[in-house]
Amino acid sequence: MWTTKTFLTKTKRGNILKIVREHYLRDDLLCGSSACNICPHKDEEYVLDSKPDSVCALFDYPHYLLLDTNVVLHQIDVLEEDALKNVIMLQTVLEEVKHQNTAIFQRILEVINNKKRKFYSFVNEHHKDTYVERNPGEKQNDRNDRAIRKAASWYALHLSVNNVAGQFPQIVLLTDDENNRKIAQEEGIVCCSVKDYIENVNGFVGLIDKLSKNVIPETCSKDALYPAHFTPTQIHTGIRNGKLYQGTFHASRDNFLEGTVSVNRFEKPILLQGHIGINRAVDGDLVAIEVFPEEEWRKPSDIVLEDKADDPGDLLEEESALLSSAKPLDSSKDEITPTGKVVGIIRRKWRQYCGILMPSKFPGATRHLFTPAEKRIPRVRIETRQSDVLASQRILVALDSWPRNSRYPLGHFVRALGPIGDKDAENEVILLEHDVPHARFSEAVLACLPPNDWTIPEEEIKKRVDLRSICICSVDPPGCTDIDDALHARPIDGVTADGLKKYEVGVHIADVTYFVRPNTALDKEAASRSTTVYLVDRRIDMVPDLLSSNLCSLRGGEERLAFSCVWEIDENANVLSTKFHKSVIKSAAAMTYEEAQITIDNSSRKDEIARSLRTLNALAKKLKQKRLDNGALLLASPEIRFQVDSETHDPVEVQAKKIMDTNSMVEEFMLLANVSVAEKLAEEFPQCALLRRHPSPPPANFTTFLKATRQQGFEIDVSTNKSFSKSLDEAVLPGRPFFNTMLRIMATRCMQQAVYFSSGTLSHPDYYHYGLACPIYTHFTSPIRRYADVIVHRLLAACIGEDVTHASLLDTKQADSICDNLNYRHRQAQYAGRASVALNTHILFKNRIEIESAVVLSVKRNALQVLIPKYGLEGPLYLPSDKFTYNEEEHYQICSDVTLKTFDELTVRLTLDSTNLQHRKLVFQLVKPHVPGFSYVPEDSGMEVESVASAEEVKETPIKKRKETKQSKPKKKSKNQ
Amino acid sequence: MPGPDLLSSQGLRLDGRRPNELRRIRCKLGVFTQPDGSAYLEQGNTKVLAAVYGPHQASKSKSTTEGVVVNCQYSMATFSTGERKNRPRGDRKSQEMSLHLRQALTAAIKTELYPRSQIDIYVEVLQADGGAYCAGVNAASLALIDAGIPLRAYACACSASMAWRNGEPEPLLDVGHVEEAAGGVVLTVASLPNTGSIALLEMSHRLHMDYFKVVLSRAMQGCRDIEIILDKAVRDHLAEGWTKQDVVTI
């Protein structure tokens, strides 16, 4: 059954270690071709057709394609198209691809697994006739090329020998490596470059557009705009002897000529400026950088800069304006950051980008510029012949390369998403840009669902605690169909030792794990989605609709399976005992927050629901007080709700979310349930409990925040969450009710992200949740929309013996990888939600002009970041530098007698600027305080004449500005108070 | 799940074996003339020498009337691993291995036949590439036969591990060094395949109960396969003419 030939492969690493590995060569590997009658294939093992149709005009006889590594790496988009079939993938190629780019490797695996594509992966490395030993002194690449050629000629021979009829498929080797092609031809192998092959394919429109541009080697210096990157060995030695550093490049959102790289050795991120400094790095790339000597360190330029609208060709514009403005003046030392430049790219992290085409000015041209939706990605030059069609579409583009002589990276068109401005296309962009899996649920997933008319089986009811007779109700936002929590409270007999009344309080969570069994297709899909994503007008479910809004949803008046957490609580909201069990419940009512509030307030209602709600409400208030006493932070974020037109699904009005007592009532009990479950899990599964932590923010996060609050006359103590919470409570300005909320919004931005983790990966003190001020926390209460809760449910069920454990549940490593995915998806879902809100605000303001009050969030060199509380909108208000002076140390802008600082209240005029379709943006114009010649003046005020006059005055006396500021300061303050 | 994929999508392991295949086993009995019995065994790149002295009179302190005392020593040559080993024997791991060897071999030897005597078994690992203990048991088994000591059955040892192929669990037989280092669980079984009894069972990590059965049955299958190979080697050795005293250079 197995051949006994042994080969030794030697590799060296680190301190020169000889590694000897066995390598078995087999004679039982199949060729996978239906044309072969020697290999002992079983029926399902035939992958390649016996007479494949040729799609290429160059080769009009039946043939199989054999791909070289570079073809897979660079032309994956072509391979993903249905055009090419009957392709042989060699193991040599797959391994090289895997080594160089895992993302592409995953994609090619997808293609291979698609039965219709007829891709056969042939294990040539272990086949006795195709194995090639590396010759002494031969490079690995050359050996691999030789292995590919060997496999090609073996296939050709194998198929011809087996077929007496004379009709057998040929082998065509596709490779872009000229050298390889030459040797292959000498050896009698038919070969061709991808470009030649694809250009002669008939019947597949648009295939040519997907061809990746040829890569120009780094050494070619003709018309070079950028300095060459170092070679991998140069980078490696550079990093080893400490001359270079490695890190991930983050482009600035505001300024396309600036970016940062975080390096361990430096406290602050390294600043990179200008085309040359960034040297073709794209956001997310792993780069090698060189840090400049300390004299050249400077501070970030603080200006907002966008790439010019027109196509300047392959030229780099003057950037001295940018750089000189950023030179350190007399500013203090702590604002200076190290600077450096990119000298090499270690690994590209390119993905596909959404955006729009900016057609060339010349009709009929094929080279166009593409503007990505993500501001941090540079524009891309692509080649397409369908520019007329694509100009009005949102399109998806992949990056190919960025040669030294091109100002922009080169890419190719992948697919169109839909017309610009179309709601579905815009949503698709949001989902793609945030990597949200949003395809329909597959057949395999749907097969795991119970039938539509499923009811609770009798034996299941017997196994569970029957709570159907108890008055349970749910409270949710209006229009919520995935109800995953319900509550009840009732007095129980007896008193505590201190003579306090006792209550039984229960939180009942939808029992999703009853339907989502581990390791089923449904479970895997839910795990990969990790969370339900809420866009303004659309919801992307984690589990299919049947479960999320029917069988799992705890709807009023229907019997549902639940996982209950029941406490005995005394009057003062001290928990006396906790128990967990699976149950059957029948919700008495599914209410909205508003309805619940009305029920509580309506003293004439004395029924069970009202009594239950009042008890809950009273207890919740005590729980909340306790939590706050412990140092929990009350943070705020501008949240709004859209009122959506029922027919067009366009937003018609926005309003800030109303917060009622009942909101916090539900929240308190959910927190209590989560904490109780977390304690139980950590005790039972010290190695693999899934918990959630919120690290305390590093003090450096607070510097600008503290500066800003000081200007308003408040000293905030951020040393612990308790003191922070206390001083936030005290920071109230009478007459400015929004000021405190504003502070909390800003404070939220100083925080770290809360993350999921597996208890085995951290020590106990690190479990702390900073925001909630509790030592341990997890998510238990929303299994319909969060996968973390599903895992927690399973663990808890195993704790109480209601369910069996399974291997993957108890594996720390796997729990860790699940956490990574959860955190990633969770973050992306949040960003997607925000993007959707932004999109809808833009639609809302399409035909509107409004004048609203706003608050300054931060002060930049040439702009103010302002927030409009009513809409939760945020954006830059540009200030011309000829009118305003920027104070770098204290961060404020001055124009004659007007000073603008953080937290100041303004009045602004809002309009939508649609001139750039890609980044439609809201334009903010200052209305009040009035700055002559700059502020927008409402037409009826009649101030125009005056303002023009004073504008001239200002221009004439720019030197006086500083003096004036000092005078203006007290004035401003008195205004505020 | 362990980091690298131990099984490719075509179902081959890193070295080209299928999950249920052993490494190549080559062995030779009677490689030395000095001991009463000796054997050399290769399992892939793991190479082991075993020598047996006895039965001879036991030292006073050890001797029992119950049966023979089996004395084992497991040692690894300093050059057996990738990085040079400092202590060939006497360290914790070797001591543990010696105990394990004794447990497995005592189960195979008909100890009751030789009261008040002693058998010394020396196992020397020349090259370690995973599964050195298993190879040691198999080699010692052969050496005991070469020494003419009555056995109940062949003592065979084999290891097994777990891997996933397309999300399905698939146990791997006869784990090599690369697969061991990947961090998965390794289950080592020493058994008397003839009788189906297990002499020693050891596991390196935690493994969920769901998978234990399949892994164990695969390891037991491995022991049976090894027994066939050992049995053939013994028969070939005897057929070759056991009178011929050939000293083989390794």
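Is Lys116(A) buried or exposed? Select Lys116(A): its relative accessibility is 67%, so this residue counts as exposed (exposed is over 50%, buried under 20%, partly exposed in between, with a 1.4 Å probe and protein chains only). Lys116(A) sits in the loop between helix 4 (102–113) and strand 5 (119–122) of chain A; helices (H or I, at least four residues) and strands (E, at least two) are DSSP runs numbered from the N terminus.

A word on the model: it is predicted, so local features need pLDDT of at least 70 and side-chain atom pairs pLDDT 80 or more, while totals for chains, interfaces and linings use all residues. Residues are numbered from 1 along each chain, chains are lettered from A, and side-chain values use heavy atoms, without hydrogens and water.

Next, select Trp454(A) and Phe515(A). Their rings form an edge-to-face aromatic pair, 4.9 Å centre to centre with 75° between the planes (centres within 6.5 Å make a pair; planes under 30 degrees apart are stacked, over 60 edge-to-face, the rest tilted). Both residues are buried.

Move on to Phe702(A) and Phe724(A). With centres 5.3 Å apart and planes at 75°, this pair is edge-to-face. Phe702(A) is buried, as is Phe724(A).

Last stop: Arg529(A), which lies over the face of Phe441(A), 4.1 Å from the ring centre (the rule: NZ of Lys or CZ of Arg within 6 Å of the ring centre and within 35 degrees of the ring normal).

Definitions and conventions. Rings of Phe, Tyr and Trp (its six-membered ring) pair if their centres lie within 6.5 Å; planes under 30 degrees apart count as stacked, over 60 as edge-to-face and the rest as tilted.
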